[in-house]
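The following note was prepared for a colleague who wishes to examine the model in detail. Please read it with the sequence and coordinates open.

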Amino acid sequence: MNIFNKIMIIAICFIGSTSSQAQDWTDLVDKNLSQWDIYLSYKIPDDYDGKPPTDSNGKTIEPLGYKGLEDQNIFSVLKEDDDIHIRVTGEYYGMLMTKEKYRNYHLRLKVKWGDKKWIPRLHKLKDTGILYHSIGNAGAEYYRSWKLSQEFQIMEGHMGDYWSQASSQISVKGYQREYVKSPVADERGRWLDIGNKSEEGIYAMRSANFESPAGEWTELELITYEGQSLHIVNGKVVMILKDSRYIDENGDEKPLREGQIQLQSEATEAFFKDIAIREIKSMPAQYKALFE
């Protein structure tokens, strides 16, 4: 076989492989948000203490609950050129949640901040998040707005932080907390248990800030395989996590490796686009050493 034929075969194989990879991605957004459900809880007050809010007569306010796209204005779909954007006003706490459950996947999306903020975040950083491995009932955590899950934090200056939601637990590679300082992710650190049963607390900070400048889109990636996860911001790994689990009603630890995906509405206007997912058969080779 001559050199020209060899080059042609290699090129065809490369094009075929690239095409196959591109087809692996499934878009999760259309004009009707047909692959998502909407759940809304409350307008959270400044003095919120973890209890259901009450009205002026002291009567408990019920959460708005599950809503359709036409029944609320917190989540809406906008079209700009060829892009479909999801706008989240943030006025009510709640979530956009996939109808499907996912396990072992690579999720990617882009996020950009809007201009509006609401109580209780008027004087705080803009905030939303990706909640993954979501199971159980809505309203299971402190704000009574989301499901038990693991959080990929989306916050100004804090893209990629981790929060435990409800009784979720996980191990983060990083440096332990000290005094008022939180644990900080770092691939040179050791594995730290994070969650409500841990001395390290329920939160860990990303290793560094790779958020795009104000007004620009930030690309986020979540890779998760059999309890291992990576939080990636603009191509940079900012957190390495493993042993995803939760505490059940009997106090026992159980694996938490699959579930729905939630996008938060959390007192901040935000925009999402280019949300796509693909199944993976293993942790990508270039990242495996991070878990050693």
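1. Basis. The model is predicted, and local features need pLDDT of at least 70, side-chain atom pairs count only at pLDDT 80 or more, while totals for chains, interfaces and linings use all residues. Residues are numbered from 1 along each chain as its sequence is written, and side-chain values use heavy atoms, with hydrogens and water left out.

2. Cis peptide bond. Most residues other than glycine have a negative phi, and most peptide bonds are trans. The bond from Ile-119 to Pro-120 is cis, with omega near 10°. Pro-120 is placed in the loop between β8 (105-117) and β9 (127-135). Strands here are DSSP runs of E of at least two residues, and helices are runs of H or I of at least four, both numbered from the N terminus.

3. Positive phi. Asn-104, although not a glycine, has a positive phi of about 60°. Asn-104 is found in the loop between β7 (102-103) and β8, and its relative accessible area of 11% makes it buried. The classes are buried under 20% relative accessible area, exposed over 50% and partly exposed in between, with a 1.4 Å probe and protein chains only. Ala-166 likewise has a positive phi, near 65°. Ala-166 belongs to the loop between β11 (162-165) and β12 (168-175) and is partly exposed, with a relative accessible area of 27%.

4. Gly-227. This residue lies in the loop between β16 (218-225) and β17 (228-233). Gly-227 counts as buried because its relative accessibility is 2%. Leaving aside residues up to four places away in sequence, Gly-227 touches Leu-241, Lys-242, Asp-243, Ser-244 and Arg-257, where contact means heavy atoms within 4.5 Å. Ile-202, 25 residues from Gly-227 in sequence, is 17 Å from it in space, C-alpha to C-alpha.

5. Glu-200. A salt bridge requires a side-chain nitrogen of Lys or Arg within 4 Å of a carboxyl oxygen of Asp or Glu. Glu-200 is located in the loop between β14 (190-195) and β15 (203-204). A polar atom of the Glu-200 side chain lies 3.0 Å from the backbone nitrogen of Arg-177. Residues that Glu-200 touches include Gln-176, Pro-183, Leu-192 and Asp-193.

6. Salt bridges. Side chains of opposite charge can pair when their charged atoms come close. The count comes to 13 salt bridges. One of these joins Glu-269 and Arg-87, with the closest N and O atoms 2.8 Å apart. Glu-269 lies in strand β21 (residues 268-279) and Arg-87 in strand β5 (residues 83-88), so the pair ties together parts that are 182 residues apart in sequence. Both Glu-269 and Arg-87 are buried.

7. Other pairs. Asp-248 and Lys-254 form a salt bridge at 3.0 Å, N to O. Asp-248 is buried at 9% relative accessibility, whereas Lys-254 is partly exposed at 35%. Glu-279 and Lys-281 form a salt bridge at 3.3 Å, N to O; Glu-279 is exposed at 56%, and Lys-281 is exposed at 67%.

Methods: A polar contact is a pair of N or O atoms within 3.5 Å; within protein, one must be able to donate a hydrogen and the other to accept it, and residues adjacent in sequence count only if both atoms are side-chain atoms.
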